[in-house]
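Here's a quick look around the inside of a protein model. Have the structure open as you read.

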Amino acid sequence: MNNNLVFKSKTPKIYKNKKLNTANFGDFTHNDYQVFLHLVSKIGGVDNVGKYLQPEQLQREHILTAKEFSEVFNTDVDNSYKALKSAVDKLMKTDIKIERSDDSSILRINVCSQAEYIKNEGRITIKFTDDIMPYLAQVKQKFVLYNLKEIANFGSLYTTRLYELIQEFQDTGYMMKSIEQLRKAFAVGEKFKKYNHFKDKTFGHACKEINANYDIGLRFEEVKEWRKVVAVKFFFKKTMVHKVTDQKTGIEKNFYEKPKARVKKKEIKKINPEVLEDQLVFPVLKTEAKPIKNVLSSFLSKFSSKK
């Protein structure tokens, strides 16, 4: 394949098959998952006629530096070094559980066939397995797409995972998942066995964090069988899709208008009085407003006395 014919997006994007989007990622930490997504964003591209690249065309080997990671996920470089080093082990050891298209079985596949952490250069080099590549190909109507930066400010793995799940339903503004499906997608294992604990720690917290970052109006309703909660309905603002034709190529593309990101106000730091104990404090002169009549009479008396 001629790499000169591959065109990358200026904005790093995540392309994932819907089955991979709902897969169980085992014991990935939030940092591990962020590293995985950052590497996935390097794969996508189109050829010279705007056609999505297919699995056999996709590049399997990729490099991710600590500097790149820190710039996208707003963390310092030292923490980025640690995140990359830890992720190398996780990417090699963990397999992903994916349900077959007919839901007849669960397929377990490894993410990487090779992963290397280069100490002095602060970067990792990984090679995706042949098995995972079909799930990272851009096939119309079968994959989830979003910008990597959209999940950069999330502080929880569960928030990132819920945000990814609702991307599959962005054109409807509605999603329903059983509790079992949510537990698998969040990969909680044996944790949070009580429903209320599970809700608070995962999708309850995730909804608050997503709403804090986006004007999306995300909310949920519980579906019960008798007194037991068996599923959760999520409601959110839809993503508007507009057809745009490239004037040069004549190729028609979809332009996605997503719910707007919230502009976070800068926090005003409150001064702790205890900090000022040993500092020089200047007295504050208080002045009281005087009635206008008193001011005028005082002024006139001074004027007349000068005569």
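## The second largest cavity

The second largest cavity holds about 50 Å³ of space. Keep in mind that this is a predicted model. Lining this cavity are Phe25, Gly26, Phe28, Tyr33, Leu157, Arg161, Ala185, Phe186 and Ala187. Sorted by class, that lining comes to seven nonpolar, one polar and one charged residues.

## Thr160 in helix 5

Helix 5 covers residues 157–167, and Thr160 sits in it. Skipping residues up to four places away in sequence, Thr160 touches His30, Tyr33, Leu37, Ile151 and Phe154. Tyr33 also turns up in the lining of the second largest cavity.

## The largest cavity

A search of the whole structure turns up two cavities of 30 Å³ or more. The largest has about 70 Å³ of space in it. Among the residues lining the largest cavity are Tyr163, Ile166 and Gln167, along with Phe236, Lys237 and Pro259. Its lining splits into six nonpolar, three polar and two charged residues.

## The nonpolar core

Nonpolar side chains tend to be buried together in soluble globular proteins. Here, the largest nonpolar core has 67 residues, and Phe36, Phe128, Leu162 and Phe234 touch the most other members.

What is Phe234 in contact with, leaving aside its neighbours within four places in sequence? Its partners include Leu162, Met175, Leu182, Phe203 and Phe220, as well as Gly173 and Arg219.

Note on methods:
Residues numbered from 1 in each chain as written. Predicted model: local features only at pLDDT ≥ 70, side-chain atom pairs only at ≥ 80, totals over all residues. Heavy atoms only, no water. Helix = DSSP H or I, 4+ residues; strand = E, 2+ residues; numbered from the N terminus. Contact = heavy atoms within 4.5 Å. Core = buried A, V, L, I, M, F, W, Y, C linked by side-chain atoms within 4.5 Å. Buried < 20%, exposed > 50% of the residue type's maximum accessible area, 1.4 Å probe, protein only. 1 Å grid on protein atoms, 1.4 Å probe; cavity = no way out; pocket = protein on both sides within 12 Å on 5 of 7 lines; lining within 4 Å. Points joined across faces, edges and corners; volume = space filled by probe spheres on them. Nonpolar A, V, L, I, M, F, W, Y, C, P; charged D, E, K, R; others polar.
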